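Work through the exercises below with the coordinates open. Try each task before reading its solution.

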Amino acid sequence: MSVVLITGSSGLIGSEAAEYYLMQGFNVIGIDNNMRRTFFGEEGSTIWNRERLVKTYKKYKHFDFDIRDKDKIQHLFSGLKENISLIIHTAAQPSHDWAAKDPYLDFSVNANGTLNLLEAMRDHCPEAVFIFTSTNKVYGDRPNQLPFIERQNRYELEQNHANYKGISEEFNIDQCLHSLFGSSKLAADILVQEYGKYFNFKTFCLRCGVLSGSKQSGVPLHGFVNFLVKCNVQNIPYTILGYKGKQVRDVIHSTDVIQAFDCIFQNPRRGGEVYNLGGGRQSNISILEAIELSQEITGQRFQYSYSDQNRIGDHIWYISDLDKFKSHYPGWDLQYRIQEIFEEIFDENKDRWKKH
């Protein structure tokens, strides 16, 4: 019995990973206690996704556990032992801004929860592949020191600049402002690396850009693409936070993330590898460009306003350099571009959103 264990299994990436491996014939164990509702209210609840998985797939088994509960995590792993071949860890407090409201909760989920999972793997299934969805926020605001050019709708770098193709894994993470969220995720990131290096385990940190897809429960503090399109459809006022709306993000579709997971699973490396994973130069957008694209796709305009106050430690520009991942896994490439991501989000959610 080969088991794929997924934390945050009702969220965007977790649920897509669950479906993918269920379709491949694996038994999938999902861990998710819908803490997203605690963070973001009813609008952020993922119960609907959990119910969909439980109803649709006989090989899916759900556990309403909190990853901070060491005893429950240990008990679950001890019953499965080396049947666990892959661990995908996506559970997190995911908001840059929310973390400052309750740093204890943020750190305990992101850092201590990750430690619980790593120790459970060490005790019960040390040959499993462990994939952690880290974040580009581990680089703090150091990318903001790059020499950006201000254009009409975005900030940009000169094409001959060393970082034009994106931020690489060699970019310095030290002596800069991270936000408390970035700090807790960096603590987890280093733990995952260390278990790979110290114990020679097959652990991986994927430092992700904006993760997107139609199954995300987008809210103001997390999931900006999904939330922006929802605002457009429902004519909910949207607020741009600083940087003149010209801040740039790379956006990667959940399907491309899952394919990256599977490349790693099929050909894992030992020693705590780190990869930057996002839309790269192929799929990126500024906030102003995103508003324009959303209105083009939906065929309707919506209200938005501007605040000079940017989020503390937020990136002015962030694009992932994908060269390292592609060099290790040359069979992988992006299948979705930014236009397709926006179109899918609109097409698959418009009827549901229009009812509310």
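**Exercise 1. Helix against helix**

Task: Determine the handedness with which α4 passes α5, then describe the packing of the two helices.

Solution. The model is a predicted one. Start with the crossing: α4 passes α5 in a right-handed sense. Next, take the geometry. The axes of α4 (residues 70–80) and α5 (residues 103–124) come within 9 Å and cross at roughly 30°. Now list the contact residues. From α4 come Lys70, Ile73, Gln74, Phe77 and Ser78. From α5 come Asn116, Leu117, Glu119, Ala120, Met121, Asp123 and His124. Sort the residues of this α4–α5 contact: five are nonpolar, four polar and three charged.

**Exercise 2. One histidine in that contact**

Task: Is His124 buried or exposed, and which residues does His124 touch beyond four places in sequence?

Solution. Locate the residue first: His124 is in helix α5. Then check its accessibility. The relative accessible area of His124 is 15%, and buried means under 20%, so His124 is buried. Last, read off the neighbours. Leaving out residues up to four places away in sequence, His124 touches Gln74, Phe77, Ser78, Lys81 and Glu82.

**Exercise 3. An enclosed helix**

Task: Explain why α7 counts as largely enclosed by the rest of the structure.

Solution. Count the buried positions. In α7 (residues 224–234), 10 of the 11 residues are buried, so the helix is largely enclosed by the rest of the structure. Name them: Phe224, Val225, Asn226, Phe227, Leu228, Val229, Lys230, Cys231, Asn232 and Val233. Identify the packing partners. These buried residues pack against strands β9 (210–212), β10 (238–241), β11 (248–253) and β13 (284–286). They also pack against helices α9 (287–298) and α11 (338–354). Finish at the end of the helix: Asn235 follows α7 and has a positive phi, near 55°.

**Exercise 4. A tryptophan and the whole chain**

Task: Find where Trp317 lies, then decide whether the radius of gyration of the chain agrees with a compact globule.

Solution. Trp317 lies in strand β15 (residues 317–318). Its relative accessibility is 0%, so Trp317 counts as buried. Trp317 and Gly182 are 135 residues apart in sequence, yet 16 Å apart in space, C-alpha to C-alpha.

Now zoom out. The chain comes to 11 helices and 15 strands. Its C-alpha trace spans about 55 × 45 × 40 Å along the principal axes. For 356 residues, a compact globule would have a radius of gyration near 21 Å; the chain has 19 Å, which agrees. Of the 356 residues, 60% count as buried. Among contacts with a separation of 6 or more, 84% join residues 24 or more positions apart.

Key. Residues numbered from 1 in each chain as written. Predicted model: local features only at pLDDT ≥ 70, side-chain atom pairs only at ≥ 80, totals over all residues. Heavy atoms only, no water. Axes fitted to C-alpha atoms, helices over the stretch in contact; angles between N-to-C directions. Helix = DSSP H or I, 4+ residues; strand = E, 2+ residues; numbered from the N terminus. Left-handed = near helix turned anticlockwise from the far one by under 90°. Contact = heavy atoms within 4.5 Å. Nonpolar A, V, L, I, M, F, W, Y, C, P; charged D, E, K, R; others polar. Rg over C-alpha atoms; globule rule 2.2 N^0.38 Å. Buried < 20%, exposed > 50% of the residue type's maximum accessible area, 1.4 Å probe, protein only.
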